[in-house]
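This report describes selected features of one protein chain. It takes up a helix and its surroundings, then aromatic ring pairs, then single residues.

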Amino acid sequence: MRGALLRAWSALTGHSHNTGGRGPVRAPVPLLLALALVLGAATLAAPAAQAAPPTSVVILDGSTGRVILSENPGSQRHPASLTKMMTIYMTFDAVKAGSLTLDQMLTVSANAASRPATKLGLKPGQKISVKNAIMSLITLSANDMSVVLAEAIAGSEEAFAARMTARARELGMGETLFRNANGLPDPDQVTSAFDMAKLGLALMRDHPDLYPMFSTQQWRYGGKVITNHNRMLGRYEGTNGIKTGYIRASGFNLVVSVKRDGHHLVGAIFGGTSARARDDRMIQYLDAALLRLKTQPDLVAGAPVVQPNAVAAPRAVAVAAAPAPAASPAPADIAVAAAALDAKVADISRGEEDLAEATYGAAPPPPAPAPAPAPVVAAAPPRPAPAKPAATAGSLNAQAAAAHAREASGESWGIQIGAFRRQDAAMEHLNGAARLVPATLRGAQRAVHQGSDDKGKLYRARFVGLSENDARQTCLKLRQKSVSCIALKVPSTATVTASAGSSD
C-alpha cells in the first residue's frame, strides 16, 4: 500500500520516489494520508460492472495555468460531447467578430435534423436563435444544434471540423483532432485532459462576457425545462461551469471550473464509469488540489504551466445575414401564432448520453414491505357524495370565474409562454417566468388553460388580465430572457384547470 502511495505521490508531484542508489525519497506522512483517502475513496466510488478506460485527469490553477494534480493527463482520449466546447468557442468567436448575433435566427437543415439523439428535435426548415442553439449545447448537449451552428459558420460540418482543428492548434492543443461538431463516435476524433483543460481556460479568457452561459442549471425551451447535465453546478461549492461528455469508447468525461477560497481551479477528467462516479472522483481531486494549494504552495509554484496560446482576434466569416425582426402579429394572426407555439412543445430525443446522465441520482428502490393481511370487516354502507364546495377566494373555481369576468369586461388579453403535457409543468413554467420579470407581471393572473391536440391533452401556461399593450411589452421582456411568448386574446371558451393566483 505504501509503495502504491509513493508511486502516486511521485506522479502528482513530478518527483521520483527512488533516486538511483541514493535510497527512496520519503513522502510527507500527511500527504500520503490525504492521497490514501483520495485514491481509496475513488476506488470505492467506481463501480466494477462497466469497463472504462483508465482515468485521465488534470487539475490546473486557473489563474496561472500551473498543474496542481494530474494522472495520465496527456493520454489521447475521445472527447465525446466535450467537443461541443470547441463548437461553442467557435460560435463565441463568430459573435465577437460580428459574423453572428445571439438573436439571429438559423434554419435547421435536413442534415442537422438527421443527427442521432441526444438532440433538441427541431424539424428541417424550423428556426432557432443562435443563443438558444448555444444553450441547447450547454444544457442538453444537443447533437443536431451543433450541426446547425457548424453549417451557419462554415457552410458544412466537415469544413467546420477543419476550422475547429486549426483553432485548436492555435490554442496549443497538440493532441486534439476534430472530425465533427458534436463528439459523436469517430475513431479519429481525439484529445487529452491537458488539451481540454486548455480549452476551458481559453473559453474563460477569450470570451468572459459569454462564458457565464455555462453556469445555467436549467434552461426553458419549447415547453420544457431542461436540466444541465453538469450536476457539479449546485453540488460542489464554487462551480461555475462547464461541460460533460459520454460515449462508450471514452467513458464519462468532465471539464469543470471552480472558484473557492480565493482560488480558481480548472479540472478535466476522462474515463468515469458513471456520471456520479466521475463527479465523485473529480470532487476528491478538487478537494486534494485545494489542500495542496494551502499546504504546499511552493510545490505548486514550481509546477509546469499548461495555458492556451494567445491567438489572433477572430475574423469575420461569411454568414447569412440575420432576417429583420417579424412585426407583432395582428389580431387576425393570433390564432395561427398561438397554434405555432402549441406545436413547439419540445420533442426532445433522449439518446445514449442523456439516458446515461439521467441515472445520476438513481438508487435501487427499497424492497416493498409485505402487504398486511386485509382485516375482515362488515361492508360499510355507501357514503353520500360530498357537497360541492363554494368558490372561496383564491380557489380554482373562483379564479376561473374571475378570469371569465375579466374577459367579459374587456380585459381579455394575456400572454402564453408554453404548452405542456402535464399541468404541474405548466405551473412550474409560470412560476419561473414570474420570477424572471416580477415587476412586469405584477398584478397579472397565472392560469393554466386546458386544450388538446392529436396527441392528447395540452396545458397552456398563461398570464391573463393584461391590456394588449402590456401583453406585448411583457412578451418582449420575456423573449429577451429566452422565454417563448405570444400575446393573445384569451378565448372565453378556454377551460381554466388551475391557477396560482396573482404574480404579486
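Predicted model: local features only at pLDDT ≥ 70, side-chain atom pairs only at ≥ 80, totals over all residues.

**Overall make-up**

The protein contains 15 helices and 14 strands. Of its 504 residues, 52% are buried. Among contacts with a separation of 6 or more, 70% are between residues 24 or more positions apart.

Helix H6 spans residues 143–154 and has 12 residues. From its first C-alpha to its last it reaches 17 Å, close to the 16 Å expected at 1.5 Å a residue. H6 is mostly covered, with 12 of its 12 residues buried. Just after H6, Gly-155 takes a positive phi of about 95°.

Two packed helices are described by the angle between their axes and the distance between the axes. For H3 and H6 the angle is about 40°, and the axes are 10 Å apart. The crossing of H3 past H6 is left-handed. On the H3 side the contact is made by Lys-84, Thr-87, Met-90, Thr-91 and Ala-94; on the H6 side it is made by Asn-143, Ser-146, Leu-149 and Ile-153. The residues of this contact divide into four nonpolar, four polar and one charged.

**Aromatic pairs**

How many aromatic pairs does a search of the whole structure find? The search finds four. A pair of aromatic rings is described by the distance of the centres and the angle of the planes. Two of the pairs are set out below.

| Pair | Arrangement | Centre to centre | Angle between planes |
|---|---|---|---|
| Phe-92 and Phe-214 | edge-to-face | 6.4 Å | 80° |
| Trp-219 and Tyr-221 | stacked | 5.1 Å | 10° |

The pair of Phe-92 and Phe-214 links distant parts of the chain, 122 residues apart. Phe-92 lies in helix H3, while Phe-214 lies in the loop between helix H8 (193–206) and strand S5 (218–221). Both Phe-92 and Phe-214 are buried. Ring pairs also bring in Tyr-211, which forms a cluster with Phe-92 and Phe-214.

Tyr-221 is placed in strand S5. Tyr-221 and Ser-136 are 85 residues apart in sequence, yet their C-alpha atoms are 8.8 Å apart in space.

**Thr-244**

Is Thr-244 buried or exposed? Thr-244 is buried, because its relative accessible area is 2%. This residue is found in strand S7, which covers residues 239–247. Leaving aside neighbours within four places in sequence, Thr-244 is in contact with Ser-81, Leu-82, His-229, Asn-230, Asn-253, Leu-254, Arg-278, Glu-353 and Glu-357.

Conventions
Residues numbered from 1 in each chain as written. Heavy atoms only, no water. Helix = DSSP H or I, 4+ residues; strand = E, 2+ residues; numbered from the N terminus. Expected span 1.5 Å × (residues − 1). Buried < 20%, exposed > 50% of the residue type's maximum accessible area, 1.4 Å probe, protein only. Axes fitted to C-alpha atoms, helices over the stretch in contact; angles between N-to-C directions. Left-handed = near helix turned anticlockwise from the far one by under 90°. Contact = heavy atoms within 4.5 Å. Nonpolar A, V, L, I, M, F, W, Y, C, P; charged D, E, K, R; others polar. Phe/Tyr/Trp six-rings, centres within 6.5 Å; stacked < 30°, edge-to-face > 60°.
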